[in-house]
Amino acid sequence: MMPFHTRLFGAVVALTLAATAPALSQQLELKIMAPAAPGGGWDQTARAMQQALVAAKIARSIQVTNVAGAGGSVGIAQFVNGAKGDGNQMMVNGFVMVGALAMNKSPVTLEQVTPIARLTEEIQVIVVPANSPLKTAQDLAAAVKADIAKVTFAGGSAGGVDHVMAALFAGTIGADAKKINYIPFSGGGESLAAILGGKVTAGISGMSEYEGQIKSGKLRALGVTSEKRIPGVDIPTFKEQGIDLVLANWRSVVAPPGITPEQRKTLSDAVEKMVKSDAWKDILKQKGWDDAYLSGDAFADFLKKETIRVTDVLKSVGLVKS
Amino acid sequence: METFAALAHGMAVAVQPMNLLYALIGVFLGTAVGVLPGIGPALTVALLLPVTYKLDPGGSLIMFAGIYYGGMYGGSTTAILINTPGESASMATALEGNKMAKAGRGGPALATSAIGSFVAGTIATIGLAFLAPWLVDFAVRFGPEDYFALMCVAFVTVSATFGDSPIRGLTSLFVGLTLGLIGIDKLTGQARLAFGIPELLDGVEVTTLAVGLFALGEALYVASRRHHAEEKIEPVRGSLWMTKEDWKRSWKPWLRGTMFGFPIGALPAGGAEIPTFLSYSTEKRLTKHPEEFGKGAIEGVAGPEAANNASAAGTLVPLLTLGLPTSATAAMMLAGFQQYGLNPGPLLFAERPDLVWGLIASLFIANVMLLVLNLPLVGLWVKLLAIPQPWLYAGILVFATMGTIAAKPSVVELSMLAGFGVLGFLMRRFDFPIAPVVVGLILGPIAESQLRRALAISLGDPLVLLQSSMSATLLGIALIALLAPFVLKGLGRFKASED
C-alpha cells in the first residue's frame with residue numbers, strides 16, 4: 001500500500017507547492033524516477049540522491065518513484081511522454097539502459113532526454129575459479145583464440161554490461177565476437193555459483209559483486225577494466241596486460257525532453273552541488289561506488305559515444321539486427 | 001562444539017532487548033505484508049532499507065530476517081482463509097487449506113501451518129547453523145543440467161498429482177508454460193509474445209496470475225453459482241484446535257516438507273515453490289486418506305507449509321556463506337549487508353561472528369515469536385469466514401485488486417488480472433486444475449534457460465544431461481514417477497483379478 005500513499009501524498013504536496021513556491025533552488029521539489037524495481041542499482045542511486053539532496057539542503061523534498069520493466073524501457077517511455085517540459089523531474093539511468101533500448105526496439109531513445117550528469121561508475125572484472133589453469137588475461141585470450149566456443153563466460157542478462165564486455169574482450173584480442181559463448185544468468189548470485197562450481201570458464205561482473213570471493217581466494221581476478229589500477233586493489237588492468245579493454249558500468253541522471261535552458265541549469269546546478277556535498281561523498285564511500293561526475297556537454301557527448309559503441313557491439317554479437 | 005559456543009554467543013546478542021524489539025517488529029511487519037497479495041517481503045525490505053540506514057547493522061538485519069520468516073507465515077493465512085495466496089510459495093497451501101476452511105476446519109488448518117512452519121523453521125535453522133559449509137559445497141556443484149532435471153521431476157509430479165486426469169493436468173500445465181514464454185528471452189534478450197506492449201516485456205507476474213486464477217476466479221465462480229445450490233461455508237465445525245488425529249497426520253508431513261524445503265532452498269536457483277509442490281505431491285501419494293485430497297486433507301497443508309519455511313532458512317545458507325542471494329528477499333538482505341559495508345561471504349563468518357551468529361540465533365527467536373503471534377490469532381481469523389458470502393467475496397475482490405495495483409500500478413497489469421480471473425472461472429467451470437498453470441509459469445522459464453545453458457556449456461551435446469550423476473538420478477526419478485502410476489494400476493488390476 002505504501003507506494004499509493006506516498007504517491008498521493010507527493011502529488012498533493014507537489015500541487016500545493018507548485019501553486020505557491022517560487023523556483024528557488026533551496027525550495028526545489030523534485031521527482032526522481034528509478035526505471036526499475038526497488039532495491040536494484042538504479043533505485044539505490046535515486047534514493048541516494050534523495051538522501052543527499054535533502055541532507056545538503058539543496059532541495060526541500062524529493063520523491064522517488066519506481067517504474068520497473070525491461071531494463072528501463074518502460075520507465076523511459078513513461079518519462080519522455082509523461083514528463084515532457086517538466087523541470088522538476090529527473091530519471092536515473094545507466095549503461096544497461098542503452099543496450100536494453102536497442103534490443104527492445106524501443107520507440108523512445110536516449111537522444112530524446114535532456115542529459116544532466118553522469119554520477120557514478122563501477123569497474124568490471126573477469127574472474128576464474130581458484131583452481132583454473134588460467135592465470136592472466138593473456139592466458140584467457142590465448143584460450144579464446146584457440147577455440148572460442150569452448151570458453152564459456154558467465155555473467156548478467158543478455159545485452160547487459162557483462163555481455164558487452166565479453167564481446168569487447170573477444171573483439172580486442174582479434175577473435176570473432178559473434179562466436180563468443182556467453183551464458184547469461186539472472187543476477188550475480190546465480191552466475192557466481194556457476195563459476196565457483198567450475199561449470200564455466202570465466203565470470204564477468206562488477207567489482208563489488210565478486211570482491212568477497214576474490215579476497216578470500218575462492219576466485220582469481222584476471223583483470224579489471226579501469227584505465228589505471230584501482231588504488232588498494234592488487235589486480236592488474238587489462239590495459240597493462242596488453243589488452244585495450246576499458247569499460248565501466250556507469251549510472252547517470254537525465255531530465256525530460258523540452259525543458260528550458262534555465263530549467264536545465266537549475267537541475268544541473270542542484271546535481272553539481274549535491275556531488276560536492278559531504279552527504280553524497282559519505283554515501284559513495286558507504287556503498288562502494290566510484291565518483292564519475294561528468295556534466296554538461298561533456299556528458300552529452302559521452303552518452304552519444306557510449307550509445308554508438310554499445311549498439312555496435314550488440315550488432316556484432318547479433319542481439320540487435322542492423 | 002565450536003558451533004555450540006558460537007550459537008550461545010549469538011543467543012546472547014539476540015536476546016538484547018533492542019534486538020528482541022527489532023525481531024518483533026520484523027515478524028509483525030512480515031506477517032502483515034505476507035497477508036497482502038502483491039506486497040511480498042522483498043518489497044518491504046526494499047522500502048525499509050533507507051529507513052534502517054541509521055540503525056545498527058545487527059538490529060536491522062535481525063529485523064529483515066524476521067520480515068522474511070513472517071512473510072512466509074502470513075502468506076499462508078490468506079491462502080487458507082480466502083484462497084488468495086499472499087505469495088507464490090503459499091500456493092500449494094491454498095489447495096487443501098481453503099477446502100479445509102470451507103469445511104469448518106480452518107482452525108486446524110491454520111494451526112498445522114503455524115506449528116509446521118515453526119517445526120520446519122527451527123529444524124532448518126539448526127541445519128543452517130551446523131550444515132551450512134557442507135551444504136553450500138553441494139549447492140554450488142549443482143549445475144544447469146541438474147536444475148533442468150530437478151524441474152523435470154517437478155513437472156511430472158505436479159501434472160500427475162493435480163486434477164482428475166493427467167490430460168487435464170497437462171493441459172493446465174501447458175497453458176502456464178505458454179504464459180511463461182511471454183517477455184524477454186533471458187538468453188538472447190529478444191522479446192517473445194509481447195505484441196509490442198512494453199509492460200509485457202518482463203513477462204507475466206506470478207502473483208498477478210495466482211491472484212487472478214485463485215481469488216478472482218473463485219469469486220466469479222461463487223457468484224455464478226449463487227442461484228444454484230448455495231455452497232455452505234461453515235466457520236467452525238468440531239474443534240478449533242488440532243485433534244489428536246490431526247497431530248498424528250501432521251508430524252510426518254512437517255518433517256518431510258522440511259527435507260524438501262531446506263536443501264532446495266539452499267540451491268542458488270532452487271526457490272520456495274518447487275519444494276512446496278514436491279511436498280504436496282508426496283503427501284498425496286503417501287497419505288492413508290487419499291479420498292480426502294481435493295476436499296481438505298490436513299497433510300496437504302502441513303507438508304507445503306513446512307517446506308516453504310524450511311526453504312526460507314535454506315536461502316540463507318548461500319547468502320551467508322557465499323554472498324549469493326538466491327531469492328528476491330535474499331537479494332534485498334544482501335543490499336542491507338552492503339549498506340553497512342559488510343560483504344557476506346566466507347569472510348563474514350570470520351570477520352563478524354557476532355553478527356552472523358546473532359542473526360542465526362534471532363531466527364530461532366523469530367520463529368518462537370511467530371508461533372506466539374499466530375496461534376492466538378487463529379480464532380480471530382476463522383471469524384472472517386462467518387462474514388456473509390457476498391461481502392466476503394466483494395472484500396476479496398477489492399483486496400486482490402489493490403494488492404496487484406500496489407505492486408505494479410498499470411492498466412495492463414489490471415487487465416491481465418481481470419483476464420486471469422475469467423480464465424480461472426472457466427477452468428473451474430470445466431473442471432481443469434488451476435495450480436499447474438501457475439507452476440508452468442514459474443518453472444517453465446527456469447527449466448528452459450537451464451536446459452539452454454547446459455547445452456551452451458556442452459556445445460550442444462545433449463548427453464550432458466546424463467553425464468552428471470545428480471542429473472541422471474533426478475531424470476530417472478522423473479521417469480519412474482511418470483510410469484509408476486500406470487505400472488501400479490496394472491499391478492492393482494492383476495491383484496484384483498487374483499482375489
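These legends go with close-up views of a predicted model. Residues are numbered from 1 along each chain as its sequence is written, while chains are lettered from A and ligands numbered from 1 in the order in which they are written. Local features need pLDDT of at least 70, side-chain atom pairs count only at pLDDT 80 or more, and totals for chains, interfaces and linings use all residues.

**View 1. Confidence along chain A.** Helices (H or I, at least four residues) and strands (E, at least two) are DSSP runs, numbered from the N terminus. Residues 1–25 of chain A fall below 50. Where pLDDT is low, the predicted coordinates should not be read in detail.

**View 2. Two domains of chain A.** An automatic or database assignment sets the bounds: domain 1 is 27–121 + 250–316, and domain 2 is 122–241. Their centres, taken over C-alpha atoms, lie 28 Å apart.

**View 3. Where the domains of chain A touch.** Domain 1 of chain A brings 13 residues to the contact and domain 2 of chain A brings 11. Two residues are in contact if their C-beta atoms, placed from the backbone, lie within 7 Å. On the domain 1 side, α4(A) gives the most, with 5 residues.

**View 4. Chain B.** Chain B has 19 helices and 2 strands.

Definitions and conventions
pLDDT is the predictor's confidence in each residue, from 0 to 100.
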